[in-house]
Amino acid sequence: MRVFMLFVISGLDELATIHLHKNIAGVFECKLCGKHSRDRTDGKRHLEANHFPWDLKDKFIRLSDGKCQCLLCDKVTSHKGNMRQHFVTHHLL
Ligand SMILES: [Zn+2]
Ligand SMILES: [Zn+2]
């Protein structure tokens, strides 16, 4: 479980490395839309909210026992948080 979390975190970092550019003023700039962020954490939040929305509403279905099933690969997880992690590690990177 701990290892899995680590993957998720490095996944976000990877996105930040790819899509954030630190300009000469020390401001982080989003390469996708040009928005400025105060710092890397803020930039990651921006990327997540605007370009990689992991609100998975049409990406998985709820099973009758409360579990979630991924529509892309049929993987079943015990709750939505795990589905999000699954999605980040398997379908976004
Ligand atoms: Zn952006
Ligand atoms: Zn999947």
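D13 is an exposed residue, with 12 other C-beta atoms within 10 Å; here a residue counts as buried if 20 or more other C-beta atoms lie within 10 Å of its own, exposed if 12 or fewer, and partly exposed in between, with C-beta atoms placed from the backbone. D13 sits in helix α1 (residues 2–19). Its C-alpha atom is 9.2 Å from that of R40, a residue 27 positions away in sequence.

The model is predicted: local features need pLDDT of at least 70, side-chain atom pairs count only at pLDDT 80 or more, and totals for chains, interfaces and linings use all residues. Residues are numbered from 1 along each chain as its sequence is written, while chains are lettered from A and ligands numbered from 1 in the order in which they are written.

**Confidence and overall layout**

The mean pLDDT (the predictor's confidence in each residue, from 0 to 100) is 81 for the protein, and 82% of its residues reach 70 or more. Over residues 1–10 the pLDDT stays under 50, and the model has five contacts beyond four places in sequence for that stretch. A contact means two residues whose C-beta atoms, placed from the backbone, lie within 7 Å.

The protein has three helices and six strands, taken as DSSP runs numbered from the N terminus (helices are H or I, at least four residues; strands are E, at least two). From the N terminus on, the order of elements is α-β-β-β-α-β-β-β-α. Of the contacts with a separation of 6 or more, 31% are between residues 24 or more positions apart. Buried residues make up 13% of the 93 residues.

One open sheet holds three strands in the order β1-β2-β3, with antiparallel pairing; strands pair if DSSP finds at least two bridges between them. β1 (20–22) and β3 (36–37) are the edge strands, each pairing on one side only. Three bridges join β1 to the antiparallel β2 (residues 28–30), and H21 stands opposite E29 in β2.

The other open sheet runs β4-β5-β6, again with antiparallel pairing. β4 (60–62) and β6 are at its edges with a single partner strand each, so one side of each has no neighbour in the sheet. Two bridges join β5 to β6, and Q69 is opposite V76 in β6.

The angles run from 0 to 180 degrees between N-to-C directions, using axes fitted to C-alpha atoms, for helices over the stretch in contact.

| Helix | Strands | Angle |
|---|---|---|
| α2 (residues 40–50) | β1, β2 and β3 | about 10 degrees to β2 |
| α3 | β4, β5 and β6 | about 15 degrees to β5 |

**The core and a loop**

The largest nonpolar core has five residues: F60, C68, M83, F87 and V88. Such a core is a set of buried Ala, Val, Leu, Ile, Met, Phe, Trp, Tyr and Cys residues joined through C-beta atoms within 7 Å. Helix α3 (residues 80–92) gives the largest share, three residues.

The loop between β5 (68–70) and β6 (76–77) includes C73. C73 is exposed, with 10 other C-beta atoms within 10 Å, and its C-alpha atom lies 9.3 Å from that of H91, 18 residues apart along the chain. D74 belongs to this loop too, and is exposed, with 7 other C-beta atoms within 10 Å. Although not a glycine, D74 has a positive phi of about 70 degrees. Most residues other than glycine have a negative phi.
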